[in-house]
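Subject: Handing over a structure

Hi there,

Here is the structure I promised to pass on to you. Have a look at it first, and then read my notes below.

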Amino acid sequence: MSGKSASSRAAIYGRNSSAKQKSINDQQAENRAFAEANGWTVVAELDDPSSASRYATKSRTNWARLLELLPSIDVVVLWEPSRGDRTLATWVAFLDACREHQVRVAAVSHSRVYDPRNPRDYRSLAEDGVDSAYESDKTSGRVRRGHATAASAGRPHAPTTYGYVRRYDPATRAFLEQLPHPEHAAVVRDIIVSVGRGEPLHQVTHRLNASRTATPRGGAAWYHSTIRGIAGNQAYRPHPDDPARGVRMHNGDLHIGQWPPLVTESEWQAAQAVLGGNSETARRARRNSAPGQIKYLLSGNSAVMTAACGSMLSGFCATDGRGATYGCKMDRCASAPMPEVDEYVTRLVVARLARQDARRLWVVDDVASRAAEEELSQLRAELEAARQSFYRPGGISAEALAGKEAAMVPAIEDARRRAQPAGAPLALLELIEAGKFGTERVQAAWEAFPLPARREVIAGLFGALTLGPATVRLTRWTPPAERLAVVADRISHEWSHA
Ligand SMILES: [Zn+2]
């Protein structure tokens, strides 16, 4: 190629995502400066003021003009790759044309010049097209630009999501990556998992304030609303199509974030079930977290435990120096000391969940969800293979990949939905998981759960759990070992699955 030596011929191209003309001017100024710094001759300056969104396809005349110029230029200068084209197929067609005409692609915000003939460079560029989050990502595009401006003006940049740290290039101040914060990431995990297990928001709030845990943005204290905001923030959850990365929400769509998630999908879902709307789980969690309702393990709800007459148990805190008791308030048909009743029921639960068949019995739709899980990983592998293929020179075409994606994404979405084990509270799943490692692990996991989670597990495990009338009377002189046996004798139970 005769024109590809000496001074390279460059075309600079600018586009805005929100029709702010000034931002295009800024882009072009920096594109021009970048070209000059590299000793390139700018032979064309093109811009399109329309949105780079894949939905805005109207006034992209200059992008088309740029494609026509490719045979006669050596390098295209863009503020960032995703400023080129948000439609996967046309973006890849652009890259293919650049490869064919030996045109390099300069990404000014990356301070990098890519050569699409180099497979690694091609892949980097293509990924920016594949990953639509890139453009809309807070940490890129507009905000990265804003950050550069803000830094030069001495103003602080937009706040980093709590739980993460961001790394910037010390020289260019360009954003490099977002990583879990060494301490705050664990706080985020704790909040989401605790909320998912049914620990009331006020309790989580109190706990974090009591332990003087660092607050977001250096606030004086943790508040309900902060906890709720963190527990419901999609940034922390794995992206459904790329579980190694978090979620970037943009206009109500889930995009792949440029950071790792902090919790698993099931942990995140459990928290949403508690926080969200009018689901049965949410109602149950609210009821159980109402003041005075969750003081005791087994009282206050006939779904948890009943007296012989069928009514719920009440907890009585002794005022006369004797221990707390459970009893029937309706007709006083039953009464027993609380520590022994709790102890016996706990033993029943732990022993049952440590059994081999626990998972089969209590994880509803388990076979179906595991089959869906397998199907999901196959679909993901298939899609990933297609993407890998099109990154390679000589691989499948952009149209083929776009067609494949269009066909597979709904199937992946469907499999993912079916892969969620239905019906089993997260706490129960965790206990059953612990059961694989023996009774002690179940016991330890059980003790770590807050009361609402334990109550929910009990309500799910037992078909009936009843405190019957006294057969042998207890006195304060009955020895401890005997007390447990006497109380156990009053309790009858049926498992919800035999
Ligand atoms: Zn009764």
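The zinc ion is coordinated by C309 (SG), C328 (SG), D331 (OD) and C333 (SG), at 2.0 to 2.3 Å. Donors here are N, O and S atoms within 2.8 Å of the metal (3.2 Å for Na, K and Ca), and water is not among the atoms, so sites may look incomplete. The angles between the four donor atoms run from 91 to 120 degrees, which makes the arrangement tetrahedral (for four donors, all angles between 85 and 135 degrees). Ideal angles for four tetrahedral donors are 109.5 degrees. Along the sequence, the donor residues follow the spacing C-x18-C-x2-D-x1-C. C309 sits in the loop between β10 (306-307) and β11 (314-316), and C333 in the loop between β12 (325-327) and β13 (335-337), so this pair ties together parts that are 24 residues apart in sequence. Helices (H or I, at least four residues) and strands (E, at least two) are DSSP runs, numbered from the N terminus.

A word on the source: this is a predicted model, in which local features need pLDDT of at least 70 and side-chain atom pairs count only at pLDDT 80 or more, while totals for chains, interfaces and linings use all residues. Residues are numbered from 1 along each chain as its sequence is written, and side-chain values use heavy atoms, with hydrogens and water left out.

Now to helix α12 (residues 338-353). With helix α17 (residues 439-448), α12 packs at an angle of about 130 degrees, and their axes are 9 Å apart. Axes are lines fitted to C-alpha atoms, for helices over the stretch in contact, and angles run from 0 to 180 degrees between N-to-C directions. The two helices are therefore oblique to each other (under 35 degrees is roughly parallel, over 145 roughly antiparallel, 65 to 115 roughly perpendicular and the rest oblique). In α12, T346, V349, V350 and L353 meet T439, V442, Q443 and W446 in α17, where contact means heavy atoms within 4.5 Å.

What does α12 do with helix α18 (residues 451-461)? These two pack at an angle of about 70 degrees, with axes 11 Å apart, and are therefore roughly perpendicular. Here V345, V349 and L353 of α12 meet V457, I458 and L461 of α18.

Elsewhere, helix α7 (residues 184-196) packs against helix α9 (residues 224-231) at about 90 degrees, with axes 9 Å apart. That makes α7 roughly perpendicular to α9.

Happy exploring!

Note on methods. Four donors count as tetrahedral if all angles lie between 85 and 135 degrees; four count as square planar and six as octahedral if opposite donors are over 155 degrees apart and all others between 65 and 115; anything else is irregular.
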